[in-house]
Amino acid sequence: MSVNVERGAVTVVTVDRPEALNALDAETNGALLATARELSAAEDVRVVVLTGGGDTSFVAGADIAAMKDLTAEEARRWSELGQSVMSAIEAAPQPWIAAVNGYALGGGCELALACDLRLAAETAKFGQPEIGLGITPGYGGTQRLARVVGQTWANYLVLTGRHIRADEAFRIGLVTAVYPKGELRTQALKLAADLAAKSPLAMRYCKRALHASLDVDVETGQRIERDLFALCFASADQKEGMAAFLEKRTPEFTGR
Ligand code: CO8
C-alpha cells in the first residue's frame, strides 16, 4: 500500500512510495482520499500527523511519469481527484499536522498546505515547480499558497518554480517550526498529543470558524463565530473545561 495508517488517538498517516520520492499517482491519491474520509468519521481519532516514507521526501509532487500522457480531460479528472484529497483533509473535523520530512514539491507542497499545521525538518525543501514542467499547480496551490504566505511569496514560488529551504519556509510563515531531521517525528507527535488533549468539539468548531474567515466577510464570519461559541455552551466539554480550570485540575474532554 502506498499509504500507511498507524491508527490511534493520534493517527500517523505516511505516504509511502519512497522509490518515487512518495510522488502522488492515482492509487496514492485514491488511498489518501479514502483515508481522509475514514479518519474524519472516526470519533476516536483526535489528531492526524501526515508524513512521507523513506529518507528524503515528504511528497515530491504528482507522479510525472504517470501524468505525462494525460489528455486534457484526464488531466482535469486528476486535478479533481487531487483537489478532493486536499479538501477532505481541510474539512476534516480533526486537526492534521504535516511533518514535512524532506521534499514538499508541487502536489506535495499543496498537500502540506491543506493541513492545519506544518512542521519541517531542517532538510525539507518547499516549492511549486510546475511552471518548469509546462503546467500550473493543480491541487489547490494557486489558491491556498497565497492564503497562507500572502500574494508576494505565492507569486514568487509559483512563477519562478524555485525551491526554498526550511528556514525560508519558516521565515515566510509556511511552517511554524523547523527541527533537526531526527527530531521531527518526536516533535510532531508531541504537538499532536497537546492537541489531542484539547476538546475535540471546540477543535472542530475552531477549524470551521478559521476556515470561514477566508471565505466570508467579517460580519458573516462573526455570526458563524458566535453561533459556534454559543453551541460550545451546550456541550459537556465546555462544562468540563471550565470546571477543571476552577478546580485546578487537568480537563478530560470527551468531545460531547
Ligand atoms: N513524479 C514521478 N517520479 C518522481 C517524482 C515525481 N514527482 N519525483 C521524483 N521521482 C522519481 C525520480 O524519477 C527517480 O526515479 P528513478 O530512480 O526511477 O529514476 C526517483 O524518484 C528519485 O528521484 P531523483 O533521482 O530525481 O532524486 P534527486 O535526489 O536527484 O532529486 C528532486 C530529488 C529534486 C525532488 C527531483 O526528483 C525532482 O525534481 N522531482 C520532481 C519534483 C516536481 O517537479 N514536482 C512537481 C510535480 S507536478 C505536480 O505536482 C502537479 C500537481 C498537480 C497535478 C494536477 C494533475 C493534472
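Buried, in this talk, means under 20% relative accessible area, with exposed over 50% and partly exposed in between, using a 1.4 Å probe and protein chains only. I start with one residue that the term applies to. At 1% relative accessibility, Asn29 counts as buried.

Before going on, what we are looking at. This is a predicted model, in which local features need pLDDT of at least 70 and side-chain atom pairs count only at pLDDT 80 or more, while totals for chains, interfaces and linings use all residues. Residues are numbered from 1 along each chain as its sequence is written, and side-chain values use heavy atoms, with hydrogens and water left out.

Back to Asn29. Asn29 is found in helix H1; helices here are DSSP runs of H or I with at least four residues, strands are runs of E with at least two, and both are numbered from the N terminus. Which residues does Asn29 touch, not counting residues up to four places away in sequence? They are Leu24, Leu81, Gly82, Val85 and Tyr139, where contact means heavy atoms within 4.5 Å.

That brings us to the helix packing. Two packed helices are described by the angle between their axes and the distance between the axes. The axes are lines fitted to C-alpha atoms, for helices over the stretch in contact, and angles run from 0 to 180 degrees between N-to-C directions. Helix H1, residues 26-40, and helix H3, residues 72-91, have axes that come within 9 Å and cross at roughly 30 degrees. H1 and H3 are therefore roughly parallel to each other; that label is for angles under 35 degrees, with over 145 counted as roughly antiparallel, 65 to 115 as roughly perpendicular and the rest as oblique. H1 passes H3 in a left-handed crossing. Left-handed is used if the near helix is turned anticlockwise from the far one by less than a right angle, and right-handed if clockwise.

On the H1 side the contact is made by Ala26, Asn29, Gly30, Leu32, Leu33, Ala36 and Ser40, and on the H3 side by Trp78, Leu81, Gly82, Ser84, Val85, Ala88 and Ile89. By class, the contact of H1 with H3 has 9 nonpolar, 5 polar and no charged residues. For these classes, Ala, Val, Leu, Ile, Met, Phe, Trp, Tyr, Cys and Pro count as nonpolar, Asp, Glu, Lys and Arg as charged, and the others, Gly among them, as polar.

H3 also packs with helix H4, residues 107-114, at an angle of about 20 degrees and with the axes 8 Å apart. H3 and H4 are therefore roughly parallel to each other, and H3 passes H4 in a right-handed crossing. Val85, Met86, Ile89 and Glu90 of H3 meet Gly107, Glu110, Leu111 and Ala114 of H4. The contact of H3 with H4 divides into 5 nonpolar, 1 polar and 2 charged residues.

Now the sheets. What is the strand order in the open sheet of 6 strands? The order is E1-E2-E3-E5-E7-E10, with mixed pairing; two strands pair if DSSP finds at least two bridges between them. At the edges are strand E1 (3-6) and E10, each pairing on one side only. The twist averages 20 degrees from one strand to the next.

Going along this sheet, strand E2 (residues 10-15) and E3 pair in the parallel sense over 6 bridges, and Thr14 stands opposite Thr51 in E3. E3 and E5 are parallel too, over 3 bridges, with Val48 opposite Trp96 in E5. Helix H8, residues 184-196, packs on the sheet, touching E1, E2, E3, E5, E7 and E10, and its direction makes about 160 degrees with that of E7.

Why is E3 described as largely enclosed by the rest of the structure? Because 6 of the 6 residues of this strand, residues 47-52, are buried. Both faces are covered, with Val47, Val49 and Thr51 on one side of E3 and Val48, Leu50 and Gly52 on the other.

Strand E7, residues 117-121, has 4 of its 5 residues buried, so E7 is also largely enclosed by the rest of the structure. Strand E5 (residues 96-100) and E7 pair in the parallel sense over 4 bridges, and Val100 stands opposite Ala120 in E7.

Last, an open sheet of 4 strands has the order E4-E6-E8-E9, with mixed pairing. Strand E4 (57-59) and strand E9 (163-165) stand at its edges with a single partner strand each, so one side of each is left without a neighbour in the sheet.
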